[in-house]
Amino acid sequence: MRLLLLTSLLSLALAALASPIAQQQQQPAKARAAASDKVGYFFVHFHDDYKSPGDYSTYPAGEQVFGQLSNGNNAISYTALKGGAPLLTSTVGTKGVRDMYLVSKPDESQHYIIATDLNQTAVGGFGGKFLSRSLVIWDSEGPSLTKWKAPRLVEVVPPEFRMAWAPEAMWIEERKSFMVYWSSNKYADASHSGTPDYDKIYRAYTTDFRSFTQPEVYIDLGAGTGVIDLTMHPTGQGNQYVRFFKDESVSKCRGQVSNSGIDGQWNDIGSAKEYVDNNNQSEACLFFKDNLSDKWWVFLDQYGRNPPGYYPYTADKGITQYGYTDLGFPPGMPKLLKHGAVKPVNQAQYDEIKAAWG
Ligand SMILES: *[C@@H]1O[C@H](CO)[C@@H](O)[C@H](O)[C@H]1NC(C)=O
């Protein structure tokens with residue numbers, strides 16, 4: 001009797017130990033996707049031309065943090081938050097921000113918005129010799145996605161650098177820190193005489209978005225191929241990661257995949273001459289998995305298309321294979337959105353955003 005009980009307890013315990021792994025391996029993809037707790041998407045972005053909500057005439061006030069909330073769990077249908085007014089306004093540095101990214105701790109207990117410090121009108125465009133070497137950073141109040149502390153400027157590159165633009169970050173579990181990466185070029189010295197070198201992606205690590213390790217080169221594709229606007233995510237398959245960036249030799253976005261982590265061997269998706277869209281120039285690529293299926297989305301800012309701004313594409317063969325469909329503007333897809341980030345949100349987060357800003 002006692003032995004029987006012990007044996008059955010033991011087998012129960014063994015089954016409990018084994019089942020999560022077995023489930024992960026055997027569960028069909030659909031069931032896995034359906035188990036997601038994500039009910040929608042929070043899209044933060046800026047506008048190039050913006051005067052007031054709904055008025056997109058040329059005016060520099062669009063260089064702030066704006067937001068959209070998905071209509072239900074639909075990745076390509078959104079409603080502008082706060083009636084189209086900025087959610088957050090930079091009060092530091094050049095007092096304008098572009099290229100914002102929203103990154104969260106893995107347990108969703110803390111979020112950060114990091115952005116390029118750039119008010120183009122104030123600094124005279126993109127071409128200046130001395131541009132911001134600091135990121136603009138907002139910390140959330142705990143797990144809230146609608147309450148943010150005052151922004152701060154944090155310098156991430158030394159004086160010989162011309163700028164640090166288009167920052168993004170990713171949690172690295174092994175280091176228990178965020179890897180932050182951005183685009184820079186630099187001069188020979190701090191006086192910025194002569195001409196700067198070409199664009200590369202630099203990275204540094206941080207645990208608090210206040211102190212950063214020394215920057216180091218993360219992607220250097222050589223002098224003929226400047227690279228900016230890196231975006232990167234794990235795919236959920238082993239140690240596999242996918243990244244997209246703007247290849248400045250052609251001003252188009254392309255992707256790479258690594259099966260061996262962020263410092264592993266990166267292979268081009270398709271080839272180095274195949275772009276998400278071969279016909280239109282693009283930048284500020286972003287991508288994410290659909291909350292309800294195994295479909296992946298790639299959004300490109302096609303600044304030469306009419307209207308300019310993000311256009312959604314589907315990655316038809318999965319995010320690691322070449323093949324995309326241009327969806328144009330499906331009903332509900334907002335126009336004139338510039339470099340930002342899409343964060344899948346859970347029910348509590350969706351409800352909080354809707355209540356505060358919807
Ligand atoms: C950028 O600077 C210009 C000129 O100083 C100013 O008019 C404009 O409002 C600023 N933009 C933002 C978003 O604050």
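A residue is called buried when its relative accessible area is under 20%, exposed when over 50%, and partly exposed in between (1.4 Å probe, protein chains only). The legends below describe a predicted model, in which local features need pLDDT of at least 70, side-chain atom pairs count only at pLDDT 80 or more, and totals for chains, interfaces and linings use all residues. Residues are numbered from 1 along each chain as its sequence is written, and side-chain values use heavy atoms, with hydrogens and water left out.

Figure 1. D229 is found in strand β12; helices (H or I, at least four residues) and strands (E, at least two) are DSSP runs, numbered from the N terminus. Because its relative accessible area is 7%, D229 is classed as buried. Its phi is positive, about 60°, although D229 is not a glycine. Most residues other than glycine have a negative phi.

**Figure 2. Two loops carry backbone features.** K176 lies in the loop between β8 and β9 (177-184). This residue is not a glycine, yet K176 has a positive phi of about 45°. P307 is placed in the loop between β17 (296-301) and β18 (310-315). The peptide bond leading from N306 to P307 is cis, with omega near 0°. Most peptide bonds are trans.

**Figure 3. The loop between β1 and β2 contains P53.** The loop that holds P53 runs between β1 (38-46) and β2 (66-70). P53 has 43% relative accessibility and therefore counts as partly exposed. When residues up to four places away in sequence are not counted, P53 touches G83, G84 and A85; a contact means heavy atoms within 4.5 Å. P53 and A80 are 27 residues apart along the chain, and their C-alpha atoms are separated by 9.3 Å.

**Figure 4. The largest pocket has a lining of 40 residues.** Rolling a probe the size of a water molecule over the atoms shows where empty space is left. On a 1 Å grid over the protein atoms alone, a cavity is a set of points where a 1.4 Å probe fits but cannot get out, whereas a pocket is an open set with protein on both sides within 12 Å along at least five of seven lines; lining residues have an atom within 4 Å of a point. The space in the largest pocket is about 1400 Å³, a volume being the space filled by probe spheres set on grid points, which are joined across faces, edges and corners. K38, H233, P234, W296 and P344 lie nearest the centre of this pocket. At least two lining residues come from each of α2 (29-34), β4 (97-104), β8 (165-172), β12 (227-234), β16 (283-289) and β20 (338-346). The lining comprises 19 nonpolar, 11 polar and 10 charged residues; Ala, Val, Leu, Ile, Met, Phe, Trp, Tyr, Cys and Pro count as nonpolar, Asp, Glu, Lys and Arg as charged, and the others, Gly among them, as polar.

Figure 5. By class, the lining of the second largest pocket consists of 7 nonpolar, 2 polar and 10 charged residues.
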